[in-house]
Amino acid sequence: MQGNHATRRTNYGPWFVGLGAALWGTESAWRIPLNRLFDAKVIVFWEHVLILLMLLPLLISKLTDLPRINARTWGYLIFSAFAGSAVGTIFFTLALKYGNPTVVNVILNIQPVISTLGAFFLFGDRLTPRFFFYAGIAILAGIFLSVEHPTLIGESFEKAGLNLGTGYALVCALFWGLSTVAGRGTMIGMPLRLAASLRIAVGLICMTLILFIYGKLNRVSLWPPAAQAHMTTAIVAFLLLASISGGIPLLIYFEGLRLTRASTAGYFEMMQTLAAVFITWGFFHAALHWHQVIAGIVLMAAVAMVQRAQAAVEPSPIENDFLR
């Protein structure tokens, strides 16, 4: 009887991963309207404030574990919060503002390639020969996905359709990929619930410092006239961003990841892209050209194969997209 119960829970695991990833994919629905009212850095600041309030009970219940955290783990956590929770999310918000949101959400699938390479250099993880093959395909597909008019790339990047949003998306993928590697280092030294809540707290500290440096830690910047004129829209969008696309999927995703093999999770994580494309294309009419659709499918397939190939040599599946 206990074995059957464990099997059912394991069967539920991938669907929890898919549900959590799909809910993460809804964030474009709230970030795009908020981009019209707030500066990108301010959006990420308020997002951290609200998510931390949601996760505060988890953080308080685990405070007794803080004295046992060593300096190396703190270093990983701080970098993960700075690179992923703060800076990476700022670049994602900017990418949605200045680029095609559908292209942005699909091209971010390149980040597992970055995190795998980072784990190779930092933790000495093995790279299977198939990694280089599939990673090469993913990079080429990402290039074709980024270029709106590939036949014009010889004339100029601008005519080819490369824009600031694509650049921001690639920088975001870099920061989120490196954050994933640092997240794995964090998980080695502290429990998951403490890591999740504490990373949001450190991310909020980072965002507060960033706003202070840019001179935006004031009432006018934190709640500008545009937001005051659309108060209901701003409040509802922030609440949905922090809950449906923030704290709730975070808990669902990692509960599913705990019960799911890394190779299987890689496929179910694609639900994030599918949900994002459904929103950006269906509701915001950010369509792709036919060659971009093909490139996007090839990119997601190649990344899934990268994760599957590496699953046999990776020590833990938890590093997959650790809080991004």
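Mentor: The axes of helix 2 and helix 4 come within 9 Å and cross at roughly 75°. Angles of 65 to 115 degrees count as roughly perpendicular, and helix 2 and helix 4 are therefore roughly perpendicular to each other. Please bear in mind that the model is a predicted one. On the side of helix 2, the contact is formed by S28, R31, I32 and N35, and on the side of helix 4 by T89, F92, T93, L96 and K97. Sorted by class, the contact of helix 2 with helix 4 has three nonpolar, four polar and two charged residues.

Helix 7, residues 129-146, packs with helix 16, residues 290-311, at an angle of about 155°, and their axes are 8 Å apart. Because of that angle, helix 7 is roughly antiparallel to helix 16. The crossing in which helix 7 passes helix 16 is left-handed. Helix 7 brings R130, F131, Y134, A135, I137, A138, A141, F144 and L145 to the contact, while helix 16 brings residues including H291, Q292, A295, G296, V298 and L299. By class, the contact of helix 7 with helix 16 has 16 nonpolar, four polar and one charged residues.

We now turn to the aromatic rings. The count comes to 16 aromatic pairs. One of them joins F38 and W223, an edge-to-face pair with 5.1 Å from centre to centre and 70° between the planes. This pair links distant parts of the chain, 185 residues apart: F38 is in the loop between helix 2 and helix 3, and W223 is in the loop between helix 11 and helix 12. F38 counts as buried, at 3% relative accessibility. W223 is buried as well, with a relative accessible area of 19%.

The rings of Y98 and Y168 make a tilted pair, because their centres are 6.0 Å apart and their planes stand at 50°. Y98 lies in helix 4 and Y168 in helix 9, so the pair ties together parts that are 70 residues apart in sequence. Y98 is partly exposed, with a relative accessible area of 42%, whereas Y168 is buried, with a relative accessible area of 19%.

F38 and W223 also belong to a cluster, in which ring pairs link F38, F45, W46, W223 and F238. Leaving aside its neighbours within four places in sequence, T208 is in contact with F45 and L217. T208 is partly exposed, with a relative accessible area of 28%. Between T208 and K41 there are 167 residues of separation in sequence, yet 9.5 Å in space, C-alpha to C-alpha.

L63 and L194 are 131 residues apart in sequence and 7.9 Å apart in space, C-alpha to C-alpha. L63 is partly exposed, with a relative accessible area of 38%.

Methods. Residues numbered from 1 in each chain as written. Predicted model: local features only at pLDDT ≥ 70, side-chain atom pairs only at ≥ 80, totals over all residues. Heavy atoms only, no water. Axes fitted to C-alpha atoms, helices over the stretch in contact; angles between N-to-C directions. Helix = DSSP H or I, 4+ residues; strand = E, 2+ residues; numbered from the N terminus. Parallel < 35°, antiparallel > 145°, perpendicular 65-115°, else oblique. Left-handed = near helix turned anticlockwise from the far one by under 90°. Contact = heavy atoms within 4.5 Å. Nonpolar A, V, L, I, M, F, W, Y, C, P; charged D, E, K, R; others polar. Phe/Tyr/Trp six-rings, centres within 6.5 Å; stacked < 30°, edge-to-face > 60°. Buried < 20%, exposed > 50% of the residue type's maximum accessible area, 1.4 Å probe, protein only.
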